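Please take a look at the structure below.

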Amino acid sequence: MKRSRTTGSSAAKKQPDLFQEPEEKKLSPSKKKKEEKAETIVLPVPEEKTSPAKRTSAPRLPKQREISVSEFFAKNRHLLGFDNPSKALLTTVKEAVDNSLDACEEAAILPKLDVRIDELAEDRFLVTVEDNGPGIARKEAPRIFGSLLYGSKFHRLRQSRGQQGIGISAAGMYGQMTTGKPMIVISRLGANKPAHRFALLLDTKKNLPVIASEEEIDWPLEHGTRVAIELEASYKAGHHSVDRYLRQVALANPHAEIVYRSPKGETFRYERAVERLPAEAREIKPHPRGVELGTLMKMLKETKSRNVRGFLTTEFSRVSGKVADEILEKAALKPETSPARVHRDAAEILYRAIQKTKIMNPPTNCLSPIGEEQLTLSLKAHHEPAFVAAVTRPAAVYRGNPFLIEAALAYGGPSFEADQQAELYRLANRVPLQYQKSACAITKSVIDVAWKNYMVPQSRGALPTAPMAIAVHIASVWVPFTSESKEAIASYPEITKEIRLALQECGRKLGVYIRRGRRLAEAEKKKSYIEKYLPHIGIALQEILGLSDERRDRRMKELETILEKSRKA
Amino acid sequence: MPKTKKSADRKKPPRIRETPVAGKIVSEAKNVEEKISKGKKPSLRFPIRSLRNVSYQSQKGFFEIRGRTKERTLTVNTVKTFAQTLRMMALSKELVETDDIATKREAYYVSKNWGDARFSEQPESDTVIEDVEALFRVNREQLGFIPEEKGGDVAGELVVVDRDAETGESLRIDCRKFGSGAYSIPISVEHLGFETKAEFVLVIETAGMFQRLVKHNYWKRGNCILVSMGGVPTRACRRFIRRLADTKKLPVYVFVDGDPYGITNIYRTLKVGSGNAAHLNEFFCVPQARFLGITPQDIVDYKLPTHPLKDVDVKRAKDALKNDPFVLHHKAWQRAIQQLVQMGVRAEQQALAKHGLNYVIDEYLPEKIRHPERFLP
């Protein structure tokens, strides 16, 4: 296992920081290109005794010691979503489910997931997630699940759920640390291949998987993977619950069938709302506007291009020869300069030249929206609402990163209680966001929309109060989270604008619907009022005046005409 | 109803005149039918029943209704109440013609037979009864509706002359001879006669204080008639005291809790009537009533134990200072209520027990009654 020199904090951090790591790619560039799944980055971290979370720029101390993965993990649980027992349970489910869905989609299989949580003791749970994905090759399985930061999604610019490759193995390690039990993986590649069952432990010192046991077993699924992790956790109902999370996963992935058995023994079955896989997300090269200086320097070092002009045209999207010439002219660099010789200062000049040059927006076919139709079907299946509206906005760009906003809302129907705030689903690359609701650009944008214009009451600074669910999805090759824990979207103006436009479009449709409904209800109420109470006026007049039945009925006919006339007027 | 008013002004004391209600109901219904046959929306005209539509007539001594009315036109939105009002009128006509009566509660249950036009709660049907009352400017007893509330209790120096319901024979009820009990004021008091040598009527808010005064035969020492209201006085209670005081020319002293409720709700309603039944105040008021206590000044003078005013008390007091025509007419009352608000406390009648259980009989009442001129108006 190769070890790269990266810092602990950045490895666990969001992606751009990883791009900035100057040396990690150098160690295995060729291998990575050929075989995506084999890339390995090992957590930490050299040269710092005190805190692994500190930046590389900290002064190096004379005595250096390796920090084990477990030490790093123990100190940085919160970065990976294991801050407390109930969050640990959610994170474990989340990582396993993300992995399963990504695996199925990459193999073009309609996902069928079986999620089960068993309460073994008050603070002990067993999480089992089974998918019908392509399965994992026998020799890959231990490393995929048994070492941190081993994954296929790590460095590509492509819309996917998981981004860091920490997830499932971190969950396994958390389980191992809290219960001492190995993670159990069962996987099978096809009908004529055997199913393998592994019990995996992680050697936290070496970041290597240890196979506690391995055997061939009979398994009913033709292909697929099952992961079971025992961990210390607590199960809570409510806003941050696993139940709610999985419901939202189903909502954001209408092409997936999910069966979930909760620790209380209830079974939730989310059927497929659509029988079609989403369009495959394509991988793209980075857009020059989207890279930061550190990343640019790293790319200059690693490129196979022999001159800087070729570097610009091959490593980036939307850079034609003409654009490259323009950039180089502004940077006062000769086109034939070797990229390896562009050092820090020159790189910074190049970076600035890129910012000053007009470059076409990145291609947007790398994005895979859920789709208006699918969102509509999904909300209908989940809420049985009286009204649904969904909007997929055209792709847009923030800081060189293509992104796309979708919004949908479901209004009315039996699933909502009156006088409650609207339920908000925040989705990023089809993954529901559970925490840090108020810090999220989606929440802020929903609050900023003037819902009263669409006949929906709203208190100042709050979500609208209506029997309504709002779903907002951001699809992007790089979703800008506010922090490492990936729980809230950063408020880039380009993003909030797109969210607002999408919501307003849905809102306008809702307003039309509500107004029409009110008019009809009003007319209906009046009509039924007349039908209900008019006869009593007749009865009373007859009793007081001793009218004949004919005369009574004639008068009531006349009265009805009078009221009908005034109703229309 | 200008006629009734005039006649009431001329000869005192006024008598509630039995008006031919059935005829009025018929003519109102005819009106409605006629409008319909002409293709017009029928309407009913009601006097507005609220404090804003009364003025305090100090010479007459009661809240008099001002002319403001509201027209309830039959539209889609009012069709339900309109139907209910008409059905209530039909019920009233039937009661009057068959010489029957229904309590307000019974009327509510009768409506359960009206299908969609039925009332779901009694307050709804009470409101409609009061509407009809106001519409015809009569009291509900004339419509055949009677309240089920108790009229109040009487003990002391009084003989009530009633009639036997079957024989019509005269019955003499001696209110001195109820021992530790009391005579109960009937719902209708118009036919009663009175014999008394008492010097005044003492009207008491709480049953507890009334019991104490009865038990110790205070009426003997004070040579008076004791009446217990039990909270806000019912119409029958007000009418009883009024007729008694009018026919026997007796002063009426009122002894209630020293709080905004006792002053503005109980005492004021007894003396000048209410905003809700303004068209009837002429009969259901006791203009000769005077406020004996507990006054805000009593709290200071007698060093009474107090409770802090609640928010509703303060709101009630401020509302009275701003909107109650009776309070607005009397500077003395404004000063007294302001004093109460400033002290921020209230004192109950029974607070006098601090100085001994019979302090009220031995000291407080005798001292007060020696100086009726000091009573609040």
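Predicted model: local features only at pLDDT ≥ 70, side-chain atom pairs only at ≥ 80, totals over all residues.

Residues are numbered from 1 along each chain as its sequence is written, chains are lettered from A and ligands numbered from 1 in the order in which they are written, and side-chain values use heavy atoms, leaving out hydrogens and water.

Visitor: How much area do chain A and chain B bury between them?
Guide: Contact means heavy atoms within 4.5 Å. By that rule, chain A brings 24 residues and chain B brings 29 residues. Buried area is the accessible area (1.4 Å probe) that two parts lose on being put together, summed over both. Carbon and sulfur atoms hold 74% of the total, which is about 2400 Å².

Visitor: How many salt bridges are there between chain A and chain B?
Guide: A salt bridge puts a side-chain nitrogen of Lys or Arg within 4 Å of a carboxyl oxygen of Asp or Glu. One joins Arg555(A) to Glu33(B), at 2.9 Å from N to O. The count between the two chains is three.

Visitor: Which element gives the most to the side of chain A that touches chain B?
Guide: Helices (H or I, at least four residues) and strands (E, at least two) are DSSP runs, numbered from the N terminus. Two elements of chain A give two or more residues to this side: α16 (493-545) and α17 (549-568). With 14 residues, the top giver is α16(A).

Visitor: Which residue in β9(B) stands opposite Val161(B)?
Guide: β8 (residues 159-163) of chain B pairs with β9(B) over five bridges, in the antiparallel sense. Opposite Val161(B) stands Arg172(B).

Visitor: At what angle do α9 and α14 of chain A pack?
Guide: Axes are lines fitted to C-alpha atoms, for helices over the stretch in contact, and angles run from 0 to 180 degrees between N-to-C directions. Helix α9 spans residues 242-252 and helix α14 spans residues 372-383. Their axes lie 8 Å apart, and the angle is about 145 degrees.

Definitions and conventions
Pairing = 2+ DSSP bridges.
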